[in-house]
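Hi everyone, thanks for coming.

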Amino acid sequence: MSAPERIPPRSVTAADLLARGELKVRGRIRDASNAALFCTVAFDGEEASCVYKPVAGERPLWDFPDGTLAQREVAAYEVSEAMGWDLVPPTVLRDGPYGEGMCQLWIDVDPEGAELLALVDAEEPEPGWKAIGFAEVGDGKTALLVHADDNRLRRLAVLDAVVNNADRKGGHLLPTADGRLYGIDHGVTFNVDNKLRTLLWGWAGEPLTGEAVEVLEGLREALAGALGTRLAELITPAELDAVRARVEALLTSGKHPEPSGEWPAIPWPPV
């Protein structure tokens, strides 16, 4: 589903447009596991495409009993903004045609963008790629699943470690024509238990970049201030404490996390 995307000018921020604009449902995104509606939002003469996910359309999850998917989506955006990497599209919590829900700016994917994931018939990745693991491809054969050794993905891997993303699939990676990369679908995040499941394990155990350390130090300060106050409106006190603990653990180790062995490391299906 597509529609011309008009990014609001500086006078109207994307967040203002999403939060205050008139929301009109244009269709349903069929392949979503929970209710996801393709919409337009208009405010003060500006219009953009967006995704609206009403809380009423969420399926209960036994291991995420507190809060809502919508709240966690917004919380992930708030953390992304505090990190300064703009990895998550503008996302707000608002009322809509089917009640309260998450509203997120629609991102048009560049079909000609660089390949980020691949299956290769090899034991080791080629230069420019990082190994994820071996996958069955039929007839008893396996292939090596790899992702690009791309700094945009590496930043996203750090964000996922902070928010404890339990579902980073290939289909959640949105490269754009201007060279940006966005991550979407952050409804299963912020659990107190370690549930990190991702396709971005290529840097597991490797030292964090200097940039990442600096960003995490800034995030620690933000969590003690305005960001912590904002997240307290969206996730539980225990989940907020866990965010702070994960940031501290990353700074203490100075490394990207490794699979814990307590939870499947790669989401299924991976795309």
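By class, how many nonpolar, polar and charged residues does the lining of the second largest cavity have? There are three nonpolar, three polar and three charged residues. For these classes, Ala, Val, Leu, Ile, Met, Phe, Trp, Tyr, Cys and Pro count as nonpolar, Asp, Glu, Lys and Arg as charged, and the others, Gly among them, as polar.

Before I go on, a word on the background. This is a predicted model, where local features need pLDDT of at least 70 and side-chain atom pairs count only at pLDDT 80 or more, while totals for chains, interfaces and linings use all residues. Residues are numbered from 1 along each chain as its sequence is written, and side-chain values use heavy atoms, with hydrogens and water left out.

Now, the empty spaces. Rolling a probe the size of a water molecule over the atoms shows where empty space is left. On a 1 Å grid over the protein atoms alone, a cavity is a set of points where a 1.4 Å probe fits but cannot get out. A pocket is an open set with protein on both sides within 12 Å along at least five of seven lines, and lining residues have an atom within 4 Å of a point. Grid points are joined across faces, edges and corners, and a volume is the space filled by probe spheres set on the points.

Searching the whole structure gives two cavities of 30 Å³ or more. When I say helix or strand, I mean DSSP runs numbered from the N terminus: H or I with at least four residues for helices, E with at least two for strands.

The largest cavity has a volume of about 70 Å³. Around it you'll find Ala157, Asp160, Leu196, Thr198, Leu200, Trp201, Trp203, Ala204, His256 and Pro257. Sorted by class, that lining has seven nonpolar, two polar and one charged residues.

And then there is the largest pocket, with about 1100 Å³ of space. It is lined by 41 residues, and Ala32, Ser33, Lys53, His172 and Asp185 lie nearest its centre. Strand β3 (46-54), helix α2 (69-83) and strand β5 (99-105) each contribute at least two lining residues. The classes here are 23 nonpolar, seven polar and 11 charged.

Let's pick up Asp185 again. It sits in the loop between β10 (181-183) and α4, and it has a positive phi of about 65° although it is not a glycine. Asp185 counts as partly exposed because its relative accessibility is 25%; buried means under 20% relative accessible area, exposed over 50%, and partly exposed in between, with a 1.4 Å probe and protein chains only.

Asp86 also has a positive phi, about 50°, and is not a glycine. You'll find Asp86 in the loop between α2 and β4 (91-96), and at 31% relative accessibility it is partly exposed.

Back to α3, and to its packing. Which angle do α3 and α6 (residues 237-253) make? They pack at about 135°, with their axes 8 Å apart, so α3 is oblique to α6. Axes are lines fitted to C-alpha atoms, for helices over the stretch in contact, and angles run from 0 to 180 degrees between N-to-C directions. Angles under 35 degrees count as roughly parallel, over 145 as roughly antiparallel, 65 to 115 as roughly perpendicular and the rest as oblique. Ala161, Val162 and Val163 of α3 meet Val243, Arg246, Val247 and Leu250 of α6, where contact means heavy atoms within 4.5 Å. Six of the contact residues are nonpolar, none polar and one charged.

Last stop: is Lys195 buried or exposed? At 6% relative accessibility, Lys195 is buried. Lys195 lies in the loop between β10 and α4, and, leaving aside neighbours within four places in sequence, it contacts Asp63, Phe64, Asn164, Asn165, Ala166 and Trp263.
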